[in-house]
Amino acid sequence: MLNLMYITNQPAVARIAEDAGVDWIFVDMEFIGKDKRQGGLDTVQNHHTIEDVSNIKKSLKRAQVIVRVNPIHDALDNYPSSKNEIDGAILAGADIVMLPYFHTVQEVEDFINYVGGRAKTCLLLETPEAAILLDEILQVPGIDMVHIGLNDLHLAMGMSFMFQLLSDGVVEQLAKKITAKGIPFGFGGIARMNSGLLPGSAVLKEHYRLGSSMVIVSRSFCNTDKIKDLDEVRNIFMVGINEIRTLEYEALAARDYFSNNQQEVNKSVEKIVEIIKAKNS
């Protein structure tokens, strides 16, 4: 079964997600450079803190805490260097540390050294430079998992829609290289099974076709910035995570439908891109 991640710094929401079957609670400390490269888009920009890591860790019984730190950086005004930031996240309870927006092998080596085996490591592959250097990057010892970030990668490649990376084979090419090294991988996020421009059910089947191990349960699945009633949040998670797991069992039992789903995904993405381009023209 896929490891499901959900981004929150609210302990009450984290407990609800855990009870519903979410495997990893995602604390998102990344902010350096993110606004500039995603400015004007409806993307998640959280800037969670070390204190959030600690509070989330204390609130959980089973789920692990994954922490996205900032790209490799020197100390900034009133903000610690990458080494100190990573030290703080691990001391606060991070089980998995994620490095975003890297471009070079050296950045990956620095990240692995800073973690120093005290937590699992996850690379968030989301730049064309990292994709080009992937063979070299995967030679670095100590990489526990790789997540392919569709949002930043599709922007950097000049695409209109992030799931073009799925329909044009980029994700599949990257996935083959990662799995050949025996490293688990995941990509992107999923909405509710019957919602989203590309329905979550179609995306989930692609995860199984490609051999993915992890996925982010997206903000559109349950946006707690807008939904404040915890009973409503609990209902959304209980129903929605059950829908995901039910479809996973179906996928495990009937792998022959993956090729049909892939064709439908390609057609849907093509139509969505046409609509987006028409709106922007």
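This is a predicted model: local features need pLDDT of at least 70, side-chain atom pairs count only at pLDDT 80 or more; totals for chains, interfaces and linings use all residues.
Local features were considered at pLDDT of at least 70 and side-chain atom pairs only at pLDDT 80 or more, whereas totals for chains, interfaces and linings use all residues. Residues are numbered from 1 along each chain as its sequence is written, and side-chain values rest on heavy atoms, with hydrogens and water left out.

A search of the whole structure identified 14 salt bridges, a salt bridge being a side-chain nitrogen of Lys or Arg within 4 Å of a carboxyl oxygen of Asp or Glu. One of these pairs joins Glu-172 to Arg-209, with the closest N and O atoms 3.4 Å apart. Glu-172 belongs to helix α10 (residues 170–180) and Arg-209 to helix α11 (residues 200–210), so the contact ties together parts that are 37 residues apart in sequence. Helices are DSSP runs of H or I with at least four residues, numbered from the N terminus. Relative accessibility is 23% for Glu-172 and 21% for Arg-209; both values fall in the partly exposed class, between buried (under 20% relative accessible area) and exposed (over 50%), as computed with a 1.4 Å probe on protein chains only.

Arg-234 is partly exposed at 34%, while Asp-231 is exposed at 56%.

Glu-248 is buried at 0%, as is Arg-245 at 15%. Both residues take part in a network of salt bridges that also links Asp-23 and Arg-62.

Technical notes
Helices (H or I, at least four residues) and strands (E, at least two) are DSSP runs, numbered from the N terminus.
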